[in-house]
Amino acid sequence: MDRTNSPGVPVPQARVQGPVIAPGQRVKVSVPGTTANLGPGYDCLGLALGLRDTLTVTTTAETGVKVDIEGEGAGCLPTDAHHLVARTILARWADAGAAPAGLRLHAHNVIPHGRGLGSSAAAIVSGLAAADALLPETLRRDLIEREPLFAAAARLEGHPDNVAPAVYGALTLSLQDGHGASSTALELDASILPVVAIPDTELSTRMARSLLPGTVAHGVAAANGAHVGLLVHALAGHPELLLTATEDRLHQDQRAPAMPASAELISRLRAAGHAAVVSGAGPTVLVLATSAEEADTVVELISAAGAAGRNPESVSTAVTWRVLMPGIDLTGVRVESH
């Protein structure tokens with residue numbers, strides 16, 4: 001559902017000769033938005049947020065794909081077989097050797113696009129889950145055991161940090177090597193309340209990644225690794241350590257020129273003692289608050305930073321911030337009916 005970071009999922013061109021997807025089926029899938037990295041956990045840490053996109057897929061006897069989009073991305077995203085969800089469904093069916101039915105998709109999108117909140121991961125996960133639910137039973141993956149769904153989504157997305165919490169929910173630690181992707185659930189202190197400040201500007205993941213250097217010094221890598229370890233410890237039960245634990249050396253400063261307002265807001269919030277970081281590739285700002293009182297204070301600080309004319313020399317006044325306290329999603333992808 002993300003036009004700015006559209007993974008390389010092909011549109012199958014040739015009609016597959018195999019079992020036909022039965023027309024007249026209907027499946028409803030919902031997937032949470034996600035925030036990745038959490039500061040130093042580059043490409044490995046992810047957290048599911050209480051923002052859910054809902055996808056309804058109906059198979060028809062007619063050929064072709066029609067997509068109806070409500071909410072985020074309406075009027076901007078493709079409404080045919082080039083839509084990322086449609087491409088994902090058709091690619092999964094082709095891999096399974098099944099001949100596709102016609103498709104009617106209704107996407108109710110809540111996750112903002114191009115903001116570092118996992119909209120493309122949600123699209124891929126929802127497409128794969130719907131595709132399997134609609135396959136003949138002998139060709140389906142087990143949607144109760146989620147590992148195959150996660151592995152397939154990580155391959156299509158290209159990195160596992162967003163798809164893992166989208167599939168499993170809550171807090172995840174993932175890795176990817178020559179054998180594929182794997183993920184594990186981490187403990188998460190119940191006091192942690194995410195606050196997200198979403199600017200009215202977008203940034204593609206491709207652009208954000210292009211700003212990163214090809215190599216880093218050993219000292220930088222060692223320091224960042226130490227902060228990742230401390231962050232896992234802080235998230236599990238020592239939230240008083242979050243400000244120090246969320247310090248990053250690998251990607252945030254390098255990406256700051258592409259999102260100056262976000263970088264400035266993070267600097268202000270951290271100076272005030274709050275664990276503020278870039279959400280994913282940005283430009284959304286994530287704060288890991290540890291109480292309702294701190295979350296309210298963070299919201300006030302963001303509102304003050306974005307007040308027009310408060311500081312004419314501040315780049316943060318050049319954007320409008322939409323502030324949400326979405327909560328944490330604990331369940332991940334849900335196939336709600338079919």
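Which element gives the most to the lining of the second largest pocket? In this predicted model, the answer is α9, with 4 residues.

**View 1. The second largest pocket and its lining.** This pocket holds about 220 Å³ of space. Besides α9 (260-271), the elements that put two or more residues into the lining are α8 (252-255) and β8 (276-278). There are 13 lining residues, and those nearest the centre are Gln-252, Asp-253, Ala-263, Ile-266 and Arg-270.

**View 2. His-227 in helix α6.** The helix runs over residues 218-237. His-227 has a relative accessibility of 11%, so it counts as buried, the cut-off being under 20%. Its side chain reaches the backbone oxygen of Ala-223 at 2.9 Å. Setting aside residues up to four places away in sequence, His-227 touches Pro-40, Thr-244, Ala-245, Glu-247 and Arg-249.

**View 3. Val-323 in strand β10.** The strand covers residues 321-324. Val-323 comes out as partly exposed because its relative accessibility is 26%, and that class lies between 20% and 50%. Beyond its neighbours within four places in sequence, Val-323 is in contact with Val-195, Val-196, Ala-197, Val-299 and Ile-302. Look for Pro-199 too: Val-323 and Pro-199 are 124 residues apart in sequence, but their C-alpha atoms are 8.8 Å apart in space.

**View 4. The cis peptide bond from Gly-282 to Pro-283.** Omega is near 5° here. Pro-283 belongs to the loop between β8 and β9 (285-289). Most peptide bonds are trans.

**View 5. Leu-38 and its positive phi.** Most residues other than glycine have a negative phi. Leu-38 isn't a glycine, yet its phi is positive, at about 55°. You'll find Leu-38 in the loop between β1 (26-37) and β2 (41-60). Is Leu-38 buried or exposed? With 0% relative accessibility, Leu-38 counts as buried.

**View 6. Ala-170 and its positive phi.** Ala-170 isn't a glycine either, and its phi is about 60°. Ala-170 sits in the loop between α4 (163-168) and β5 (171-177). Its relative accessibility is 18%, so Ala-170 counts as buried.

How values were computed
Residues numbered from 1 in each chain as written. Predicted model: local features only at pLDDT ≥ 70, side-chain atom pairs only at ≥ 80, totals over all residues. Heavy atoms only, no water. Buried < 20%, exposed > 50% of the residue type's maximum accessible area, 1.4 Å probe, protein only. Polar contact = N/O pair within 3.5 Å; in protein donor to acceptor, adjacent residues only side chain to side chain. Contact = heavy atoms within 4.5 Å. 1 Å grid on protein atoms, 1.4 Å probe; cavity = no way out; pocket = protein on both sides within 12 Å on 5 of 7 lines; lining within 4 Å. Points joined across faces, edges and corners; volume = space filled by probe spheres on them.
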